[in-house]
Number of protein chains: 2
Amino acid sequence: MAFFDDYKVLMGDPMTESDVLASVLDRVDRDLDASLERLFALLRIQSVSTDPAYVPYCRQAAEHVAADLRSIGFQVSLRPTDGHPVVVGKSASGKNGNGHTGRGEAPRVLFYGHYDVQPVDPLDLWQTPPFEPRIETLDGGRKIIVARGACDDKGQAMTFIEACRAFKAVTGTLPLDITMLIEGEEECGSKNLFGFVRDNAAELRRDLALVCDTGMWDAATPSITTSLRGLVYEEVKLTCADRDLHSGLFGGAARNPIHVLADVLSAMHRPDGSVAIPGFYDGVRELPADIKVDLEGLGLTPEKFLAPIGLKIPAGEKGRMLIEQISTRPTAEVNGIIGGYTGEGAKTVIPGKAMAKVSFRLVGAQDPEKIRAAFRDFIRARLSADCKVEFGNFTSAPAFDVAFDNPALAKARTALTEEWGRKAVTVGAGGSIPIVGDFKTVLGMDTLMVGFALDDDRVHSPNEKFDLKCFHKGIRSWARILAALAETDDRRRRQAV
Amino acid sequence: MAFFDDYKVLMGDPMTESDVLASVLDRVDRDLDASLERLFALLRIQSVSTDPAYVPYCRQAAEHVAADLRSIGFQVSLRPTDGHPVVVGKSASGKNGNGHTGRGEAPRVLFYGHYDVQPVDPLDLWQTPPFEPRIETLDGGRKIIVARGACDDKGQAMTFIEACRAFKAVTGTLPLDITMLIEGEEECGSKNLFGFVRDNAAELRRDLALVCDTGMWDAATPSITTSLRGLVYEEVKLTCADRDLHSGLFGGAARNPIHVLADVLSAMHRPDGSVAIPGFYDGVRELPADIKVDLEGLGLTPEKFLAPIGLKIPAGEKGRMLIEQISTRPTAEVNGIIGGYTGEGAKTVIPGKAMAKVSFRLVGAQDPEKIRAAFRDFIRARLSADCKVEFGNFTSAPAFDVAFDNPALAKARTALTEEWGRKAVTVGAGGSIPIVGDFKTVLGMDTLMVGFALDDDRVHSPNEKFDLKCFHKGIRSWARILAALAETDDRRRRQAV
């Protein structure tokens, strides 16, 4: 059961669903200046979460978001954590407020976003102060919103909130059963959110999570992120001799831990670019054929992707498209290495120790703990008896996939395609958003990740921006997605009659 | 023609050569306390060559040595350089003073040593002040001389000077045509000595160089160092992407320079421990069979050599004795490596750059410049077209070998064997003394390296020491060697009649 039935009852004068959506979209367009004003008010709050000096600003941002959500009909509470508070908002309880929706009913959704932002340093690289948002018109007339958080995530989160506001204005109510979860520690690792989600699982467990913190394929092509790679991060410390040695006196006899490290790290990849650790590919699935065709159609050539960073030859698994290499295939990367003498000039030392940091991006059902154990076994098997190894474990998160048969995915694709006039693509993101994994594992729900960031948004960097068009059409996109999710199978059948 | 003839003429009362040597050795024994006093006087001079604050002390040490050499009949000059002065002393010119000695005549020798010492820090680890020499009696009655420079090289150089002094006292003259070359910059790389030797080649070119700056095989076994390994030292800087990248966004597509470095460094050695660079072994000679048997007889097991540094499995070429691995075989070692994130915790970066320092110990006739070029080719052949490499060149010195058929070598072995009551061994030193290479290449002469340092002398470290027994028997050893070198074939024939 969805809101349209209530609406028709309330209004007495039945509107068709497309009439409602058209009214909502019209409202979004007419209200854009006010939407921007509201975004600017949030952007002015210096909610840098990592720096203790900004604690009052983080609180202020949380209260600001809470008040805004209340103004459009949410029941809101500021929930304390050991860090910055979490804002939880619930749409007024209706008949969909409790229990799982039945077959064919509109899903209850959990929207996740964050009100905190990255630090602004180096401040001298900002053309205007980072917390004084402004509209800049670029050559060719393209308008951008410039401020810290303009995109990540205040601007993106506000696209969803503004879409809700338009529904509220047009229909008097929110379009779905919506729970808002807006945290203040995403930029410092969401460290208190994991426990919060576990502790409040019953309250937060809905049918589907929505996140607006990802990007578009390009400025014209909307995108749904259907997978995030998981991560295992290990540190390997090797010790051979119990001290640094003179290479003249000991060279040729003493095991050099840099050699050992080079050997094992080199052995980690096969000549075809695949990872040689036994069992590494257990749980890695091939993409469905139609998705693969879609990805091929994007035409992301190695030249196009690598040229901006000064490269041209892809380094990953041979026989895979570049877009697979960076999103739907697992990887092993050495993130750091150090050993011996690294200063100026020459020192003929054979070091006693050497260290590397190694991380794995995981996909599909790869088990982080199995990968970790297999990696450690792989290293140990290649050490001589007098070479000692210590491992450090920094991160472990499984990959996340949206089930391709989740009906919300198809609805969102259609909605985005209608808004942007170009077929929405589904892509895997190479990075990791750990809380999304918890939505799946702890709360048992899929996450629909739709975002409007562009590659040139300078997220985390000076002069962060968000295209005005992305903000505006982002609101419209969410309006369409909410309408599509609200449209139940029951109603479609009734309308077909 | 050697001094004994002169001596017999001078004395009127002919002594046999063995009478002379016995008298000299007796003089050494009786004069030991005074020898120690003279060594202590030199040790009190704070001639640290690397630190500009010690310039006056270095000058003082040079003048002290010059005066001492004058007192035993050398004509001495202090020769300026761009750094600390070089002391050059010449035995009074006699009939052997000019021109090359004929067949069967005693060789004219160049003795090389250095009056400078290493810095003393960390000073707080010294049990007594480093420039206040003292005799300490260890458990079991072993006596040691403790001071900076006690061994390296003041104590060792003084063994030779005191042997000369004993000859002078007993016979009234020096036993051979001797040129002394005592420099003051050995501990900071002999940087001005190379030019000095080139500029004064005619003056310094003798038949044989003598050096007392190496060690004994063990406390009971004298040793002659017959080879020094050469050295090529390279720096390799790889650049892939033109910036550091996020491993989530680029992992799987962007070439990781740490991987490339690990691959090329790993490829540098074959599984059997040999170096895989094409042409690397050109010019490497097998040891003569009798030398190999001698080395086997030393019984240097991997356990014995590696246990003190916490290792037990030799890392060098399979099928080679450990003593070969560390002295007469060439090596390739990575002396340092750095790239990416090496701080605490985790950072998911794919670095743009990575760097390694790699050095090669050379033996026999290996050509340093060919090795350098082959190494660079080896690296370049393994890089993808978009990976750039820069090389840095820090050192290049060929290996040095004493010709095994040099008659001085056999004479010195016999002399040492007689003094120590144990067969003297000939060993290769794993390290490099570049100036010895120049004695060969610039001055065209072999170097006889005889030294009395022990492994526990803490050379370059706090509480440096020299065993009193090594000092005493070191003087006696040089007396025997000088006598043996002075004994000409002519005389042996005459005596045999």
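This is a predicted model: local features need pLDDT of at least 70, side-chain atom pairs count only at pLDDT 80 or more; totals for chains, interfaces and linings use all residues.
**Entry on strand β9 of chain B**

I looked up the neighbours of strand β9 (residues 230–239) of chain B, and found an antiparallel pairing with strand β14 (residues 388–397) of chain B that runs over nine bridges. Within that pairing I noted B:L238, whose bridge partner in β14(B) is B:V389. I then turned to strand β13 (residues 353–362) of chain B, which also pairs with β9(B) in the antiparallel sense, here over 10 bridges, and I saw that B:E235 stands opposite B:K357 of β13(B). Checking burial next, I found seven of the 10 residues of β9(B) to be buried, so I recorded this strand as largely enclosed by the rest of the structure.

**Entry on the two chains**

I laid chain B on chain A and noted an RMSD of 0.2 Å, reached by a turn of 179° with a shift of 0.1 Å along the axis. I wrote this down as the relation of a two-fold axis. I also compared the interfaces: 100% of the interface residues of chain B are interface residues in chain A as well, so the copies meet through the same surface.

**Entry on the domains of chain A**

I looked up the domain assignment of chain A, which gives domain 1 as 3–228 + 399–496 and domain 2 as 231–284 + 330–395. Their C-alpha centres lie 42 Å apart, and I found five residues of domain 1 in contact with six residues of domain 2. On the domain 1 side of this contact I listed one nonpolar, three polar and one charged residues.

Definitions and conventions:
Residues are numbered from 1 along each chain as its sequence is written. Chains are lettered from A and ligands numbered from 1 in the order in which they are written. A residue is buried if 20 or more other C-beta atoms lie within 10 Å of its own, exposed if 12 or fewer, and partly exposed in between; C-beta atoms are placed from the backbone. Helices (H or I, at least four residues) and strands (E, at least two) are DSSP runs, numbered from the N terminus. Two strands pair if DSSP finds at least two bridges between them. Copies are superposed by least squares on the C-alpha atoms of residues with pLDDT of at least 70 in both. Two residues are in contact if their C-beta atoms, placed from the backbone, lie within 7 Å. Domain bounds come from an automatic or database domain assignment. Ala, Val, Leu, Ile, Met, Phe, Trp, Tyr, Cys and Pro count as nonpolar, Asp, Glu, Lys and Arg as charged, and the others, Gly among them, as polar.
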